Every structure is written in structure tokens, then in C-alpha cells.
Amino acid sequence: MGWSGRALPWVAAAAGLSLCSGLIWGYFFTPDDIRQGSTVKIIYLHVPAALMAINGYLLMFVGALVWLIRRQHVSVLAAKAAAPVGMVMTLIALATGAIWGQPMWGTYWVWDPRLTSFLILFLFYLGYIALWAAIENEDTAADLTSVLALVGAVFAMLSRYAVLFWNQGLHQGTTVTMADGAQQDNISNVFFQPLLLSMAGFGLLFLTLLLIGTRTEVRSRRLKVLQARERME
Amino acid sequence: MMPDLGKYALEVNSSYVLSLLALGVIVGLYAKRSRAVKRDLAAMEAVHDA
């Protein structure tokens with residue numbers, strides 16, 4: 001845990017700095033959009049949260065896969081640590097999306113492909129956390145939650161590409177598209193720059209919590225081993 | 001200093017408040033559990049080392 005302990009303060013500081021700068025810039029110093037008015041300021045929360053909700057689950061997918069193939073405990077403990085953070089990111093994306101949707105679409109919720117797949121992703125996060133809590137044996141829990149993470153990854157990908165699969169629903173297409181390393185014309189620079197900073201902030205915050213959570217899970221497992229040893233003595 | 005959010009002030013402000021609250025709660029929970037586990041492990045290791 002040496003390198004993660006050394007990296008943690010730096011990652012946390014970078015997360016705090018970029019998140020605060022991105023949100024303050026977005027909230028206080030960006031203009032209103034011609035069509036959406038001041039609601040465009042919700043983008044600095046909604047898009048980064050949605051991005052981390054999907055990426056968080058994909059990270060769990062990788063952790064689960066490594067556990068199932070290589071039986072490396074740290075990978076599955078990292079997946080376990082990522083789940084509550086990913087769930088909160090999904091919740092923020094859903095809540096801000098609903099609040100944004102009401103003035104723009106005239107409704108908080110529609111059974112649009114992207115919205116529905118995000119709701120299912122949220123339920124997968126909940127199920128994953130509940131399954132860890134429900135099973136006492138750590139290795140059995142790791143096996144079963146890993147299988148659930150693999151299945152749920154389908155919905156994470158579906159959430160990402162739903163607007164491309166189905167040309168229906170109210171949700172707009174991808175807000176930020178990177179093509180050949182260049183930003184396309186689907187968002188103006190005046191909104192894009194603080195958005196980029198905010199996305200970096202959410203990403204670094206996720207990484208900070210992932211490091212804290214994984215270190216805690218590793219320590220917790222060591223604690224359980226020592227407790228079990230003490231009971232046997 | 002406060003930006004003029006017009007008729008959407010409630011929507012924008014509630015989004016920020018809810019999101020920051022959710023992030024604050026998860027950061028607080030992770031920090032609290034981390035401290036508790038670290039403390040318990042240190043105590044247990046001290047017993048074992050003694």
C-alpha cells in the first residue's frame with residue numbers, strides 16, 4: 001500500500017482543486033445558453049457524474065474480471081470500493097437530469113433508452129452493494145458479485161451508447177465528442193473548458209475515494225484475519 | 001457576485017445543493033470508515049505484537 005499512500009494526498013488535492021475550480025467557473029462565470037437559459041449550468045454536474053457512473057462500473061467490470069481469472073484480492077476489493085461511489089455518481093446524474101428535464105422537456109422522467117438504462121445501472125449498483133453485504137464468506141461474495149458486475153457491464157455500455165443504438169427518446173446525443181483528438185462543434189468553448197475541468201475533478205474525486213476505499217478494504221480484511229486468529233487461540 | 005439565474009434559479013441551485021450534498025456524504029462516509037478501520041487494525045496489531 002506504499003505507493004497509494006504516497007499518491008493519495010496529491011490526488012485528493014488535485015481533485016479538490018479541479019472540482020472547485022470547474023464548478024465555480026461553471027456556476028459563476030459562464031453565460032446562459034440561448035435556448036436553455038441558466039439551466040445549462042447543470043451540465044457541470046450532470047455530464048461528469050454520468051461519465052463517472054459509467055466508467056465506475058466499467059472499472060468494477062475490470063476488477064471482477066481480474067478476480068475471476070487471476071484471483072487477485074486487491075482487484076475485487078477495488079471493485080467493492082468503487083461501487084458506492086459509482087452509485088452516488090449515478091444518483092447525481094439521474095437527479096440532475098430529472099431537474100434539468102422538467103424545464104426543458106416539460107417532465108422529470110420519460111422511459112427514454114438512455115434514462116432507462118441509467119436507472120437499470122443504478123439498480124445494478126444497488127444490487128452489487130447489497131450482495132456484498134448479504135454474503136458472509138468473503139470469497140463467495142467476491143465470486144457472486146463479480147458475476148453480477150459482468151452482467152451489469154452490459155447496461156453500463158448500453159447507458160453510454162443508448163442514444164446511438166436507438167434514434168428515439170428525448171435525451172440528446174453525446175455532449176462531448178473527441179474525434180482525432182479534436183473537440184467537435186457540439187459544445188461551445190465557453191461551456192467546454194469549465195466542463196473539462198469539472199470532469200477532471202469528478203474523475204480525480206472518484207480516484208481519491210477509490211484509493212481510500214481500497215486501502216480500507218485491504219485493512220479490513222487483515223483485521224478480520226487477525227480477529228479470526230485471535231478467536232482460534 | 002451571485003449570477004442572475006432568472007426563472008430557473010430553483011432548478012440550478014437545487015441541482016448544485018443536492019449534488020454537493022451527495023458528494024459530501026460519500027466523502028464523509030469513506031473518511032470515517034477509513035479512520036475507524038485503521039484505528040481498529042492498529043489496536044489489534046498492537047495486541048498481537050505484545
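In which hand does α1(A) cross α6(A), left or right? I shall come to that crossing after a few words on the model and its chains.

What is shown is a predicted model, in which local features need pLDDT of at least 70, side-chain atom pairs count only at pLDDT 80 or more, and totals for chains, interfaces and linings use all residues. Residues are numbered from 1 along each chain as its sequence is written, while chains are lettered from A and ligands numbered from 1 in the order in which they are written.

Let me begin with chain A. Chain A has 6 helices and 2 strands; helices (H or I, at least four residues) and strands (E, at least two) are DSSP runs, numbered from the N terminus. Along the sequence the order is α-α-α-α-α-β-β-α. Of the 233 residues in chain A, 42% are buried. Here a residue is buried if 20 or more other C-beta atoms lie within 10 Å of its own, exposed if 12 or fewer, and partly exposed in between, with C-beta atoms placed from the backbone. Among contacts in chain A between residues at least 6 apart in sequence, 77% join residues at least 24 apart. Two residues are in contact if their C-beta atoms, placed from the backbone, lie within 7 Å.

I return to the opening question. α1(A) passes α6(A) in a left-handed crossing; a crossing is left-handed if the near helix is turned anticlockwise from the far one by less than a right angle, and right-handed if clockwise. The axes of these two helices, α1(A) and α6(A), come within 7 Å and cross at roughly 150°. Axes are lines fitted to C-alpha atoms, for helices over the stretch in contact, and angles run from 0 to 180 degrees between N-to-C directions. α1(A) and α6(A) are therefore roughly antiparallel to each other, given that angles under 35 degrees count as roughly parallel, over 145 as roughly antiparallel, 65 to 115 as roughly perpendicular and the rest as oblique. The contact of α1(A) with α6(A) has 19 nonpolar, 8 polar and 1 charged residues. In these classes, Ala, Val, Leu, Ile, Met, Phe, Trp, Tyr, Cys and Pro count as nonpolar, Asp, Glu, Lys and Arg as charged, and the others, Gly among them, as polar.

A:Ala153 is placed in helix α5 (residues 138-165) of chain A. A:Ala153 counts as buried, with 20 C-beta neighbours inside 10 Å. Leaving aside residues up to four places away in sequence, A:Ala153 touches A:Tyr57, A:Leu58 and A:Phe61.

A:Arg71 is found in the loop between α2 and α3 of chain A, and is exposed, with 12 other C-beta atoms within 10 Å. Its phi is near 55°, a positive value in a residue other than glycine. Most residues other than glycine have a negative phi.

A:Val88 is buried, with 24 other C-beta atoms within 10 Å. From A:Val88 to A:Ala49 is 39 residues in sequence and 8.5 Å in space, C-alpha to C-alpha. A:Val88 also touches B:Ala22 and B:Ile26, not counting residues up to four places away in sequence, and this brings us to chain B.

The secondary structure of chain B comes to 1 helix and 0 strands. Its C-alpha trace spans about 65 × 20 × 5 Å along the principal axes. Chain B has a radius of gyration of 21 Å, whereas a compact globule of 50 residues would have one near 10 Å. That radius is taken over C-alpha atoms, and the globule rule is 2.2 Å times the number of residues to the power 0.38. Of the 50 residues of chain B, 18% count as buried.

Finally, α6(A) packs with helix α1 (residues 9-49) of chain B at an angle of about 30°, their axes 9 Å apart. That makes α6(A) roughly parallel to α1(B). α6(A) passes α1(B) in a left-handed crossing. Residues that meet there include A:Leu209, A:Ile212 and A:Gly213 in α6(A) and B:Ile26, B:Val27 and B:Tyr30 in α1(B). The residues of this contact divide into 10 nonpolar, 6 polar and 5 charged.
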